[in-house]
Amino acid sequence: MKFFEHFGNYTMFLLGLFKRPERFKVFSKQTLHEMSSIGVGSFGIVSLISVFTGAVSTIQIGVQLVSGLVPDYMLGTFVRDSNIYEFSPTITCLVLAGKVGSSIASEMGTMKVTEQIDALEIMGINSANYLVLPKILAGVLTIPLLVVYAMVLSIIGGAISGVMGDIISVDEYVRGLRVDFVPFSVWFALIKATTFAFLITSISAYHGYRTEGGALEVGRSSTMAVVYSAVAVIIFDYILSDILLGA
Amino acid sequence: MIQLKNIKKSFNGKIVLDDISASFYKGKANFVIGASGSGKSVMMKCMVGLLDVDQGEIFYGQDDFVNKSYEERKLIRKEIGMLFQGTALFDSLSVEDNIAFPLRMFTKMTQEEVLDRVNFCLQRVNLSNVNKLYPSNLSGGMKKRVGIARAIALNPKYLFCDEPNSGLDPLTSRLIDELIKEITVEYNITTVINTHDMKSLFEMGDNIIYIYQGKKEWEGEKSLIRSSGNTRLLEFMKASEF
């Protein structure tokens with residue numbers, strides 16, 4: 001029952017975002033600010049995660065390709081596909097669910113408990129539209145770009161660990177990258193990233209916006225935002241894979 | 001002038017405001033007093049539209065705030081300034097941007113005009129050289145002043161102050177009181193103040209409304225309070241050691 005209550009409130013919250021929009025100039029300024037915060041602010045962590053994800057996937061797949069029945073260059077193909085289809089969008093978004101999700105929820109929660117949201121409402125500003133919609137839009141615009149960046153870095157990371165570990169040569173790795181490349185795989189990753197971005201930003205904002213109480217509740221909202229965002233990412237990962245790749 | 005007519009508000013069946021009617025006069029400091037949990041803050045939130053009343057009417061001049069559409073309420077809200085208990089300054093904005101915020105949202109002022117108005121409001125609350133500071137860099141008293149400056153930025157007709165003295169030392173409390181009183185008289189606005197502070201009430205109060213457990217127990221001028229004959233009000237005053 002609690003789930004349905006949350007789902008109903010979340011749906012109402014999303015509908016409320018689009019009512020009574022504020023001035024476009026103010027809205028666009030807010031969105032640019034949020035894009036900088038979400039996008040530029042996440043470059044470091046995404047770079048680190050991506051390089052190591054690619055590096056680890058090369059080592060682990062390399063260990064399993066010892067039979068000699070599979071050509072060496074296929075390692076590049078497997079690393080490419082595993083990173084583009086799954087690791088880059090999903091792991092990046094899970095990390096962003098922690099970083100961006102907790103940041104949004106705690107910011108909104110603090111604004112709620114310190115009456116800053118009430119101050120906006122008294123001025124006649126639709127606080128959800130003014131505060132939340134720019135965050136969702138910024139997330140939907142920047143997180144897919146971060147995922148593309150993560151794809152590139154993970155493939156580079158895979159090459160570095162392959163060469164450094166003497167697992168595969170650069171030429172063989174690049175040959176593998178080019179074999180049977182399906183452009184839709186990138187579109188698939190972008191569709192996933194866009195969906196995950198919407199889920200992370202909207203779920204986190206929802207939890208932050210409905211915070212009542214004090215510092216303890218802000219912390220609780222932040223935790224709930226991260227947990228529910230991560231769970232939603234995993235569930236939608238399965239749903240989108242089934243819809244877009246299933247037979 | 002603001003008039004409340006028979007307003008009722010309850011949460012989960014618990015009545016918080018029970019048939020309250022009251023008047024708040026222009027150019028006067030209208031005090032709402034009562035113990036914690038008596039319903040003062042809920043009443044103020046209903047008056048500014050943060051909470052919807054279950055029943056009753058709230059008139060701003062001739063305009064019935066309760067039965068207006070969101071857009072119509074927005075016009076009235078532009079005439080309202082509010083000083084929150086915790087000031088509610090936007091943490092991510094500088095002092096200057098906090099005060100400029102309503103001006104940028106609701107007026108077509110040029111950047112220069114906005115800055116002129118911000119500086120005027122800051123001077124009015126006796127603050128200078130704080131434009132670029134952030135709320136976290138300010139003391140409690142300075143935050144209250146910036147809160148007042150933001151509240152008067154749009155030249156409001158109505159000023160609401162929720163516990164303006166809470167968390168302040170006695171001297172700063174008096175300065176904030178004086179400032180609110182001066183602004184009320186100078187701009188001839190209707191000021192509504194929620195407080196427990198009886199010293200403030202006796203120094204600057206004009207019209208007093210006493211609420212007890214969601215009901216209006218007494219309303220009248222400050223000079224009549226001691227002869228009100230209302231036992232609960234007199235006990236409340238006595239408990240406040242005044």
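Me: In chain B, what share of the contacts with a separation of 6 or more comes from residues 24 or more positions apart?
Reply: They account for 67% of those contacts in chain B. Keep in mind that this is a predicted model.

Me: What's the secondary structure of chain B?
Reply: Chain B comes to 8 helices and 10 strands. Its radius of gyration is 18 Å, close to the 18 Å that the globule rule gives for 242 residues, so chain B is as compact as a globular protein of that length.

Me: And what does the C-alpha trace of chain B span along its principal axes?
Reply: About 55 × 45 × 35 Å.

Me: How much of chain B is buried?
Reply: Buried residues are 41% of the 242 in that chain.

Me: Now helix 9 of chain A. What should it span, at 1.5 Å a residue?
Reply: Its 31 residues, 215-245, should span 45 Å. The end C-alpha atoms are 44 Å apart, which agrees.

Me: Which residues of helix 9 are buried?
Reply: Among them are A:Val218, A:Ser221, A:Ser222, A:Met224 and A:Ala225. A:Tyr228 and A:Val233 are buried too.

Me: What covers them?
Reply: The cover over the buried residues of helix 9 includes helix 4 (74-113) and helix 8 (184-209), both of chain A.

How values were computed
Residues numbered from 1 in each chain as written. Chains lettered and ligands numbered in written order. Predicted model: local features only at pLDDT ≥ 70, side-chain atom pairs only at ≥ 80, totals over all residues. Helix = DSSP H or I, 4+ residues; strand = E, 2+ residues; numbered from the N terminus. Expected span 1.5 Å × (residues − 1). Buried ≥ 20, exposed ≤ 12 C-beta atoms within 10 Å, placed from the backbone. Contact = placed C-beta atoms within 7 Å. Rg over C-alpha atoms; globule rule 2.2 N^0.38 Å.
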